Structures are given as structure tokens and as C-alpha cells.
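Subject: Structure for you to look at, with notes

Dear colleague,

I am passing on a structure that will be new to you, together with some notes on what turned up in it. Please open it first and then read on with the residue numbers at hand.

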Amino acid sequence: MGSLAKEIDREVIPFVRVYKDGSVERLLARIFLPKLDDEQPQQKLPILVYCHGGGFCIESAFSFDHHRFLDGLVSQARVVAVSVEYRMAPEHPLPAGYEDCWAALQWVASHFVANGISEEPWLTNHGNPEHFFLGGDSAGANIAHNVAMRVGKEGLSGGLKILGLSLTHPYFWGSKPIEEDPCKEPEKDLAAMLWNFGYPSAPGGLDNPLINPLAPEAPSLAGLGCSKLFVSVSEHDGLKFQGIRYYDAVKKSGWKGEAELVDVEGEAHAFHILKFETQKALDLIKKLVDFLMVEDKKEEKEIEKELLPFVRVYKDGSVERLMGAPYVPPMLNDPVSGVSSKDITISQNPLISARVFLPKLDADQPHQKLPILVYFHGGAFMIESAFSFDHHRYLDSLVSQAKVVAVSVEYRMAPEHPLPAGYEDCWAALRWVASHFIENGISEEPWLTNHGNPDRFFLGGDSAGANIAHNVAMRVGKEGLPGGLKIRGTSLTHPYFWGSKPLGESDPCKEPEKDLGCNVWNFSYPNAPGGIDNPMMNPFGPEAPSLAGLGCSKLFVSVSEKDTLRYRGVHYYEAVKKSGWKGEAELVEVVGEEHAFHILKFETPKAQDLTRKVAEFLLK
């Protein structure tokens, strides 16, 4: 890779480097650790050393979009990730960035060799050196490739091996056009300009092997220092053909590993970073997760029971969740919405936590009082989270539009904690919020005490969370809240209600006891009195209390045309209106959509329109 222009006097990688001329460079990284299983606090996980993209001159390991991407990837793939903050052009022309990433990789490897270092406990305590990966996007993928070539040539500390190399939209270029590439003058392209800007003194220019791995002077790709390769390209990316050529060349080179190519239709360069919330971006991230996932012999574990497509329980007591969005961290002053969020603990025993959201406040009203929304996420009582990407994204938007303080409750879930645990947690969370507004109450959460208006108190939820919100509202009507506080309104989007009998001829489900809706309830609450006709699941069942006791003065119910829960949602709305309940009810039906589309397809116009309607309900 060449040597740096300045001579190094001493260094402590990846923190600082001192040169003989007295100048100092600080080298940094952001390290990610996924949530650990309670039963395996010392579990060993794959290691990913990641190099961010940005044309060698922009972006950062600390930038919002790369943090968001790595956070989601780490959560799903369950890896310890080291995202390297390497030096960038023009202040530090290449090959400085290459050298930094090589040094960072050697530093990580040195945690796992005899007489090595132990500077980073997340690596020493949780890293598995037998499952070592490199990865990067765009210019970072270029760096990852070149680092892997150097591993193949020089090796790593202690003889450690790289299991896999992941390159998304790799930045390779050259002076000559590729036959199928529409770019016929590559030396005039932006890609050429970036390289010349990032490495103005590069030997060979655009045909330097670092940017053109198929150049005449480039070493054989058979020397790639890993045993697995994942390459992703996109249809509308100007680098697509270079990426495909690279993939084909590796396979033909005599390299002995396994290679996979993914080509995403209709997308442009780095869409998985820049449009992280779209379905195609999430699909690509899932493929990266699959590449990074190392089989941990789950196939040898005996299955006790499972409910597809949600969860699987093994005979050793461990639980595998088969779907659900990745966790994302809270954020102060979201750059798009201005909403701030933070995570809090409501109770230690049982453990109940929450994510609290505060909208951007008017500069001239720093102490303004806002409505309060206590929200319960959906997920069949067994998947999803108040901290998951899709629910965070939805609440962030809703809070921004409705100008409410929202408390999104992280309740215990089945099968580890069968119902009614989740109901009890959400009731306890609501009482905890209410206790901030009574005489001699608590003042644990300043966003509530400083900005919450207890005269405008709302409940809300989606799917199973809407079921919880209904049952909590019924309990409010029966038992009341601390200090006599009242619930102004309850918002139920696609509420999950079911029962043993079909709802007349219009109900397309003629055998509800054989439907997934019944199976989910039985799995989540196996000892429910009355089974599927328990009043918590069937508010029209023979033992259900009158809906006239609903403890709120306003009700918003939303259903979707293609949702199997639609008919029970509509029936619920009509039953509440006929019950003698004294409040105001509103029903919204969205044509052509399915269950939870406003969460799962958040960016679509119909999803945005439904979110706006919920916000309007909260503003009334």
C-alpha cells in the first residue's frame, strides 16, 4: 500500500499516533455491542471491522446514517462491530486511510493472540476470533477489499483468519471502459475525479491496483485473504459494472472461497445507507445479516414448540425470535423531525422500561405544556419493541406532528413471560406516568413534569398493543387512575381482537379457532380463562364487561381493507357506540392496505395519511 510521508515515532492504535516531527494524529473508532441474552452474559460473538464510505473525503464512523446502519446490522446479526474512523482526504491524502484501517484491523486482532493486548473489554469478553469479518460500503468497501488483500499477503497477528468480506457498492474504477458499462469515458467521470482528489500522487493513477483491482500491475485476486465474499451492487449505480466485474474476476482467479453477488433493481448508490427506512434497504441489510450470521449449531438444539413465523422455543429454554425490526438507539434532536428521545426504567422488578419522546419546543415557549400519550407497541405479544426501528420511526413522526410527550412502553413478552404479564406491565406504566401529576406524587421523569399536561391524557397502540390499550382503558373505567386523572382519548390502530365464533356472514374467517389469530393468543396466554373468548381478547364474549365502561371520552379506531382483523375492529367500534358509552367515536378504514401497513410501509402516502389522522385525533 505504500508508506506514509511522515515517519512515525510511536503510536497506540487505534487511539493516537505521534510522528517524529512532533505532530499528532488521533485515531478513533465506534464500537457496537448487541443486546446480550440474559442467560449468556459472556457469550462470544462474531467480530466485524467496518470501513465507512464517502469517497475517501466525507462521512464518518460517527455520522448519523452510518451509525443507524451499523446499529441495525449489529442488532440483527449479533456481532461486535468496530467502525473505523480513518483519516480522510484532502487533509490526509491516500494511502493514509488504507494504513489506518490496516492498523485498526491489526489492533482488533491483537486482542486474541498470546501476549496480546486487552484494551477493549467488549472485544476480549465477547469477540470470537474464529468468526472474523471485514466490511464496508462504497469507498469503505474499496478499503475493505484492499485490507483483505493485505491480509492474504502479510497475514494477521497470531495467524488469525478473516472468515468473510462484505462489500456493498464497492468503489472500483479504471482508465478503460468496460464493454457493458454505459460510461465510455471513465477518466472524465466523477469516480475518476474523486480518486485523483483523494490520492493525487497515486502511482499509475486510475490504474493503481488500489482502485483498479484488475489493472495490469494488480496482484492476483486469488490472494484475497478471506474464505467468503459478499458483493452487492445496485441497478442505477454508476459503479455497478465495476462491482460485477470484480465479483466475476474473483471467481475466475483461482481463489478458493465462496462468493455471493446481490444486484438490487431500481436503486442507486448507497441506498441502504441513505434510504435506510425503505423496504429494499431493509431487505439488503437482511442479506448482509445472513452473510454475517455464523451457525451456532441451533440445528442441534431440540425444538420444544414454535409459532411460525414469530418465535421458536427450544427444550433448553432458549427462545429464538424469527422476525422483528432491529433495535435503534434514542436520539436527542433528530436531524429530520427535531424530536428528542431517551430510554428510561419505570420498574426494576418486574423490569419495565420505556422510550420517551419530546417534540421540538417552540423557542418562545420553552416550558410549554403538551398532551401526554402512553403507547403500547404491537407484535403479537411476542415480537417487536418500543426500541425497534419501525416503532421508533412511527412514534418519532407522530410526536413531531401531534406535539405530544409520548411514553412508549417496553413490556414483558411471551413466551418467556406469558400474558397477563404484558397487561400488568402496561397498567403499571400508565399509573407511573399518572403519578407525576398528583399531590405528593413522583417526579422521576422531567420531560413529563416539565411538559406534560395531565388534562390531555391519551392511550394508544397498534395491533396487539391496541388490544392492550383497550384493556387498560377498560381498567381505567373500572378502577380509576391516581389522583382521579382521566383519559381523554384512546387510539386503536388495527386492534387485535378475536373469538371462537365468526362475526356473521360478512366475516371471511369461518373457522376462527383454526386461524393464526387464535394460535397467537393460545401461545401467548396458554392458561387464559375462557381461552379465545377471554374478555381481554374477545370484548364481545359472554363474560366480557359492558363496553360502556370504557375509561375515556374519545375513541379512534382504524382498520384496513385487507386485514383479517378488520371485521372485528369494525364490530368493536359499532359495539362501543351501541353500548351506552358516553364518548365520541371515530372509525377510519383504509382501502387496499393490510395489517400494520402504517408501521411496516411507513414511507407510503397512505401510511403518512393515517399517521396524520392519528395526530389530528391527539390534537383535538
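The side chains of Arg355 and Asp343 meet in a salt bridge, with 2.6 Å from N to O; a salt bridge here is a side-chain nitrogen of Lys or Arg within 4 Å of a carboxyl oxygen of Asp or Glu. This pair links distant parts of the chain, since Arg355 sits in strand β15 and Asp343 in strand β14 (residues 340–348), 12 residues apart. Helices (H or I, at least four residues) and strands (E, at least two) are DSSP runs, numbered from the N terminus. Arg355 is buried at a relative accessible area of 1%, whereas Asp343 is partly exposed at 37%; buried means under 20% relative accessible area, exposed over 50%, and partly exposed in between, with a 1.4 Å probe and protein chains only.

Before going further, please note that this is a predicted model, in which local features need pLDDT of at least 70 and side-chain atom pairs count only at pLDDT 80 or more, while totals for chains, interfaces and linings use all residues. Residues are numbered from 1 along each chain as its sequence is written, and side-chain values use heavy atoms, with hydrogens and water left out.

A search of the whole structure finds 24 salt bridges. One of them joins Lys240 to Asp263, with the closest N and O atoms 3.1 Å apart. Because Lys240 lies in helix α6 (residues 240–252) and Asp263 in strand β10 (residues 258–264), the pair ties together parts that are 23 residues apart in sequence. Lys240 is buried, with a relative accessible area of 14%, and Asp263 is partly exposed, at 37%. Glu267 and Lys275 also meet through their side chains, at 2.9 Å from N to O; here Glu267 counts as buried at 9%, while Lys275 is partly exposed at 36%. Further along, Asp609, Arg612, Lys613 and Glu616 are linked in a network of salt bridges.

Strand β15 (residues 351–358) leads on to strand β17, to which it is joined by five bridges in an antiparallel arrangement; two strands pair if DSSP finds at least two bridges between them. Within this pairing, Ala354 has Val409 as its bridge partner. Six of the six residues of β17 (residues 405–410) are buried, so the strand is largely enclosed by the rest of the structure. Val405, Val407 and Val409 point one way from β17, and Ala406, Ser408 and Glu410 point the other way.

Glu445 is placed in the loop between α10 (421–434) and α11 (446–451), and counts as buried at 3% relative accessibility. Leaving aside residues up to four places away in sequence, Glu445 touches Lys342, Ile344, Trp432 and His436, where contact means heavy atoms within 4.5 Å.

Finally, the structure holds zero disulfides, a disulfide being a pair of cysteine sulfur atoms within 2.5 Å. The sulfur of Cys101 is 3.7 Å from the closest cysteine sulfur, in Cys51, which is too far for a bond, and Cys101 is buried at 2%. For Cys183, the closest cysteine sulfur is in Cys57, at 18 Å, again too far for a bond.

With best wishes
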